[in-house]
Amino acid sequence: MAITELSHYQQAILLLASLIVLMSFLMLGQSRLLRLVFIFAVQGILLAITTALAADVLDSPHLYISALLTLTLKGIFIPIMLQRLILNMGLHRDMETLPNPARVMMGGTGLVVFSYYVCLPIVKLSPLITLNTIAISMAVVLLGMLLMITRRQAVAHVVGFMSIENGLFFAAVVSTYGMPMVVELGIAFDVLVAAVLFGVFFFHIRSSIDSLDVDQLNRLNEVEK
Amino acid sequence: MAWLLALLQTLLFIASAPLLAGWLKKVKCRLQNRRAPSLFQPYRDLRKLWRKEPIVAHPASWIFKAAPYIVLSTTVLAASIVPLIAVNLPTAKIADVVVLIGFFALGRFFLALAGMDIGTAFGGMGSSREMTVSALAEPAMLMAVFTLAMSASTTNLSVAMNYVLHTGLVLRPSFVFAMLGMMLVAVAETGRIPVDNPTTHLELTMIHEAMILEYSGRYLGMIEWASQIKLMLYGVLIVNIFFPWGIAQNFSLQALGFGALALTLKLAALTVVLGLSEVLFAKMRIFRVQEFLSFAYLLSLLGMLSHIILEVRH
Amino acid sequence: MALFFAYLSVVAALASGLAALAVDKSPGLGRFAHLLLRRWPKLQVRAAGVFSEAHYAEFHRNSLFVLLGISGVSAVLAGGGALFGGAVTTDTLPLGLPWLNWHIRFDALSGFFYLLIGLVLIAVSLYGPGYVREFEHGRHPLSVLGLFTGLFVAGMELVLLADDTFFFVIAWELMSVSSYFLVAFQHEHASNRRAAFLYLLMAVIGAMAIILAFGVLAGFSGGLTFDHYRTVKLTPVWASVAFVLALFGFGMKAGLVPLHAWLPEAHPVAPSHISALMSGVMLKVAVYGFIRFTFDLLDQVLWQWGGLVLVIGAASTLLGVLYAMMQHDIKRLLAYHSVENIGIIFIGLGLSLIYISEGQQQLGALALVAALLHSLNHALFKSLLFLGAGTIIHQTHEQNIEHLGGLIHRMPKLAVVFLIGTLSIAALPPFNGFVSEWLTFQAALQASGIGGGVLRSMVPTSASVLALAGALTATCFVKLYGVVFLGLPRTRRAATCHESVHRGMLAGPAWLAGLCVLLGVFPTPMIESLNVVTGQLLGVTLPGASALGWLWLTPVAPEVASYSASLVLVGILLTGWVCYQLLYRRGGLEARRADPWDCGFGGLNARMQYTATAFSMPIRRIFEPVFDVEETIEEKKSGPGNFQNTGLHYQLRVSDLAWPYLYAPVARVVTWLSRWVSRIQTGNIRTYIAYSFFTLLILLWGIS
């Protein structure tokens, strides 16, 4: 469907989808951890608004509950937890600049084009109006993985992992009228537990090797050199 | 008849550019808790400059004296192409958006040559930095133009605005990104904070001002006026392409008056946004400007990609 | 009729070459003329005067270039005839192999490139006599220069006429080898010899690839003429093999990245009018070869080819201009810009291939027209810039722009002509470079017509690379013009040079400058004539190109995009005149001269100006991954504790990344392979006899 034929709610979903991808790109380029977590929170809030709009467009009221769940967990609770973790460990003063920002950004753009190319057969099959966004959700997943690859800070790894989950959730919302409620709640609590566990592990890692740089994790091996 | 109207619109454009500069100064002063000069002060400044005796350095050649005329002519010609109050004017056919970028490039080329003409370090530095910044801004600007042209299937400004008017209020992600990219490019090209400080007096922090350091008198007046028209041009481009509602589509007096009113309100709002960003942000050092402009390019590129992915029929 | 002029052009060029051999035969020629003109005493006296020692050199020099000029004029007439007539003439010459005579075909595409050659030849023939004078008293004989110039021009024109493989390859090799001798003309410097060797090596490798490409076609078609090739149908695999070989071969001659290494070495070394011919014309003959092969001889086109050409073209454009920005030798800088402009032409060709493969014939025609127009424009302004650079070097004997400055006051007329060339290459309206870049952008903008989304996103990305390269070109030429012509002179030679005495050295570039302005302000007639070319090659034309009349250019349709260069020029001049009248004539004060602003310190001299290295430093730092930069700073300290700096030595070397990453490894592999093979050559005579013995045994066994 060309965009001029859609209703305003559907256009708003497309607009929010593109803003979510923009948030993923902004996360790639951030050098400070607090700002990274803030952008992640914004991405979560945008995702919640998109889910609410999708609930209206696709006529499935249980998506409203999903939206509320996303807002509390991904938009408020997990970011606050991560922020307290960062402040407690004193990481808010660390700066990590990317060595090659241009190449990483070009790689990100290539991933967006690639996910479009891969999702093209699916988009051609389905009659659902908002299915163009499935390429966007796959791009968010891939960009989250790129974030995990290009970062040395462990907290950034957690944020990357969470944004992968954001992308998967988005894909589920737009392509299958949302996931079944039980699966939804299960995944949400899994993510919450994962976040708590990460927090515990960070304290352990830091007390072992005295830094949270994942490149230094190879100091943990037991083989004598 | 239409050509006469186009001429009148151009004259209105170039006559109200100093007014926009005065309004921007008022906004910035209010935000900084200072008392602003009157809205018509830029007119008085220009008139003072035109009356003064110009001083030309000894090593200067004819390029130094010809450059202000060329800069002003190209900017006025660019102003005649962009629809200000009314679309469907015949001057919009002379050149399209790509040629508009070419006009700015022509003016900037001669200004950079004039900067090198005197043979001092300041002029050379200003020319070098200005050409570098504009070279980095070009791909972002062109990609924003592409995004617009892919939706509207034209690069003619008048036809593009007609298309946007015709399709009504559509929330296009590509337009949102293109607008953001174009705003960042406009800040870089017109030499505002955070790329360049137009009111600095320290030569090592200048980009645009270092090129025109040696100009005085009517030459400086022409260049100042041309940069005010350029700022208004970018403002009108952003405002009229992305929010064209209110522009006159026929030439009746009522439509023209309504168009003028709508444009004034839109430009005033955009100037408030520009003033806010000038006051809130600090000037970046010169090698951070490339990150700024790469971000603008990324935005425009995302706009083009979201047009292909989200907005067209598959 | 057009074919007659084409032949005349070739014959005149050959005559110019042969006449060059008569450089010091003035006594013999004088006696011959005396004998011949017995019956006309007045003419006899005139001839005696001409062939005397004093005047012979000038007469000989002028006659060489008059013959070249005749060649140029007839080439223009031939090209014009083919373009406006639209007929395709074929012919067969009784030369060549007994069963394969030389076939000749003169159609609109050949005619267009003939026109290109002719226009540049006219300029070179006006410029030549004055420039070549300084070679007469040098160590190298003028006869060599003249002979190989004639052969070079004849070779290029024969390539355009060739309609069968044998003739094409012979003409191609004639062109390559004679230009080798021209590049190696000043062979006393080792670097010149090395550059010429590299040029010859890469020309030979390219020619082999071209022969292999034709070989693929010949293998499947069973004949050697181009007419055979036009009718053969290849499988996509073999067609791709032929295409890649042709792209490699023609691309190496045209100077596409990464096969461009010979260009910046060979072009600066040759005499300047030869550099103009090589850069302006020979590269276009390579483009002609590619167009002829892909658009005419191959029957169908795949989109992957278009994508490959587009990517290579975009890479050449960007890398060419970035390397050009770091050069400080005028001719090397211009040579790297040739790489960039060839990239722009190939971007247009790549777009055309993509559109044709998707079935959009008319958009393909638009992109092809943009590429052809840019070829013509580049030939004009690049030759203009090279001839101008030759004049600068001739008058100041400095090739490094850091030793020049302030030439606008010493050579005002050349400065104006060079400025027109600079404005054209920087693609600024209303000159001709802008028209072809605008057309390329318009062709790229029609990408919505393509089906595949990946291609549809690749096209705007390459267009934005083109925009970046265009803006960087403007930066580079601000640097070149600003450092060379403006400011204060940096050396004594720059301060004391003067305009060239020989008027031809100004007339040649001025002719090209006039053409640049003309093509920039009135582009529509040229584009209409290019319609004939696309009509013959692709079968479609651009019907709407002059829909609003000959003052407007509307390549696709009037409401899609329109450009009126003449109205733009009129608008700029009118507004400038109005401002001048209002601000100066009516009460404006006269400008007063004073010293420049020096912050109150005083004592500004020419060494305090911005240098060219400083001008390009931001670009060097921003695009650092592209260059191979070596920067060393040595400080000489003295005094107690070594606190006082008495001297500072700064050295910067920026070189092409292709050398360490591509050429050096290839050279290493070739050396290793040849050393391994050379083990056969042991130097022991018994081994050699053993080789013959074993070969004899094998042959005997084979026969039985």
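How many residues does the contact take from chain C and from chain B? In this predicted model, the contact takes 66 residues from chain C and 67 residues from chain B. The views below start at that contact and then move on through the other chains.

**View 1. The side of chain C that touches chain B draws on helices and a strand.** The elements of chain C that give two or more residues to this side are helix H16 (407–410), helix H18 (432–445), helix H19 (453–485), helix H23 (565–585), strand E3 (592–594), helix H24 (612–615) and helix H25 (617–622). If you want a place to begin, look for H19(C), which gives the most to the side of chain C that touches chain B, with 16 residues. Sorted by class, this side of chain C has 43 nonpolar, 17 polar and six charged residues.

**View 2. A strand of chain B pairs with a strand of chain C.** Here strand E1 (residues 55–57) of chain B meets E3(C), and the two pair in the parallel sense over three bridges. To find your way, pick out B:Val56, which stands opposite C:Arg593 in E3(C). E3(C) is also among the elements that give two or more residues to the side of chain C that touches chain B.

**View 3. Chain B also has a contact with chain A.** This contact takes 20 residues from chain B and 27 residues from chain A. On the side of chain B that touches chain A, the elements giving two or more residues are helix H7 (173–189) and helix H11 (289–311) of chain B. H11(B) gives the most to this side, with 10 residues. The residues on this side of chain B divide into 12 nonpolar, four polar and four charged.

**View 4. Chain A is built with seven helices and zero strands.** Follow chain A from the N terminus on and its elements run α-α-α-α-α-α-α. Along the principal axes, its C-alpha atoms fill a box of roughly 65 × 35 × 30 Å. Among the contacts in chain A with a separation of 6 or more, 72% are accounted for by residues 24 or more positions apart.

**View 5. Chain C has two assigned stretches to locate, domain 1 and domain 2.** The domain assignment gives domain 1 of chain C as 616–637 + 644–656 and domain 2 as 661–703. The C-alpha centres of these domains of chain C lie 47 Å apart.

Methods. Residues numbered from 1 in each chain as written. Chains lettered and ligands numbered in written order. Predicted model: local features only at pLDDT ≥ 70, side-chain atom pairs only at ≥ 80, totals over all residues. Contact = placed C-beta atoms within 7 Å. Helix = DSSP H or I, 4+ residues; strand = E, 2+ residues; numbered from the N terminus. Nonpolar A, V, L, I, M, F, W, Y, C, P; charged D, E, K, R; others polar. Pairing = 2+ DSSP bridges. Domains from an automatic or database assignment.
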